[in-house]
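Let's take a walk through a protein model together. Have the sequence and the 3D view ready, and follow along one stop at a time.

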Amino acid sequence: MSDSIQQKKTDAEVIAVRTPKGAMQHLSAMDLFTIGIGPSSSHTVGPMRAGFRFCTELKNRGLIEKISRVKIDLFGSLALTGKGHGTDTAVLLGLSGERPRSIAPDRVPDIVSAIRDEKTMMLGGSQSISFDEENDLLFHFNVFKPEHPNAMEIKAWDETGKERYTQEFFSVGGGFVLDRDEFEHAGEKIEGPDIPYPFSSAKELLEHGQKHNLSIADVMFANEVAAHGEEAIKTFLKRVRDAMMACIDRGCQTQGILPGGLNVKRRAYKLHQELSTRPEAGMKDPLTVLDWVNLFALAVNEENAAGGRVVTAPTNGAAGVIPAVLAYYERFCPSACEKGSLDFLLTAAAIGSIYKKRASISAAEVGCQGEVGVACSMAAGALCAVLGGTNEQVENAAEIGMEHNLGLTCDPIGGLVQVPCIERNTMGATKAINASRLALRGDGSHMVSLDKVIETMRQTGMDMQSKYKETSQGGLAVNLVEC
């Protein structure tokens, strides 16, 4: 059996295992929107969390003071694009006791340089151990674990050479990390908070709205209140909204060349200057508003590519789509208000949770249709909702957003989240706005349901060759030679 056929079979089995179609557990906005650092949720945020979890488990077992050496093995996509995605840096940070949500981006170079220069690491932030990166952090480029394309293993030994703890982790997209036990039971229904309106499909979501006369945002909000409390979810959503806007502002104010060797020049600063100094352009060309949308997405994804602080929405590679469309709503739509912004995020989260439950938001599993495509779908439905769309129109907008991203591959040049990733977010944002407008001009009835398009995306991802799924072995990654 050829490698490509074997990988295709593996992907199909993996996604099927993690598609709990009968499960009704609540997937929160707090799960889908997380504040961390770039450039990748699955390759940076996930591995950092894995490293942190490993150290936490050592502490819980009373082992961390006994450890003298750790070794990390990266497999599949984590190995193939790990350097460009900062996976090596992320693992070192996580094992040093750092977390994506709290690490200051400007501290990263100093922490990592100290580990590499001194060949020592403060494991879990407390236990000093020797660490030789050349021998203790290995990239297995040609080995794909059968369970998942984003796999890693961490081992720890004491000073006598006795292995004290080993764990495998799978970074399944959006910064979600599962250890082996969690992964093997991921398709099972799990116990969680009692929520009033459980759903794992768009059909069930619409049924709740119809039966109880609630918007999609209302349904999601009621579930969030049951799970976390009203004040907690409102505070969280405001923090996410503010972090998105702050990321746009930083991207608009920063010049220079993005790291990684492709010499990609930041464009948001110049575009922001041009748009800000020529406000009359909008009077001459009504499509100038799209230049602003492009700017918002560029700003976020340039920050992400530089390792800055972004909101995973639902991934880092697609982090610019939802903020760009939210900024469009707040700055260009007359009906915009604070409640509308929160409803936007709630609606987006409801849609994103269905993709996460029924398919995947990992480019390593299904290509970029699972990242920018899902973000486009989430943003389209969310915008439609806050512009007055019915639940049926919202579902239609979300479906349109994905339907026209089906088959989108993930082929980053040099393994960097830059080309075509940054511009791809601008396209995802503008598609989302158009999808919303198309849906608002209709009555909500349409031929292809959101559930059907999600299943189609899943099947398309299964059929897609592995070289087009975040390996940098196909597409633009091989047809544009690095300089």
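The side chain of R424 reaches out to the backbone oxygen of T409, at 2.7 Å. That makes a polar contact (a pair of N or O atoms within 3.5 Å, where within protein one must be able to donate a hydrogen and the other to accept it, and residues adjacent in sequence count only if both atoms are side-chain atoms). Before going on, note that this is a predicted model, where local features need pLDDT of at least 70, side-chain atom pairs count only at pLDDT 80 or more, and totals for chains, interfaces and linings use all residues. Residues are numbered from 1 along each chain as its sequence is written, and side-chain values use heavy atoms, with hydrogens and water left out.

So where does R424 sit? You'll find R424 in helix α21, residues 421-440 (helices are DSSP runs of H or I, at least four residues, and strands are runs of E, at least two, numbered from the N terminus). R424 counts as buried because its relative accessibility is 15%, and buried means under 20% relative accessible area (1.4 Å probe, protein chains only). Setting aside neighbours within four places in sequence, its contacts (heavy atoms within 4.5 Å) include C368, V372 and D411.

Now hop over to strand β5, residues 137-140. L137 and F139 make up its covered face, while L138 and H140 are on the uncovered one. Strand β2, residues 67-76, pairs with β5 in the parallel sense over four bridges (pairing takes at least two DSSP bridges). Look for D73, which stands opposite L138 in β5.

How values were computed
Buried < 20%, exposed > 50% of the residue type's maximum accessible area, 1.4 Å probe, protein only.
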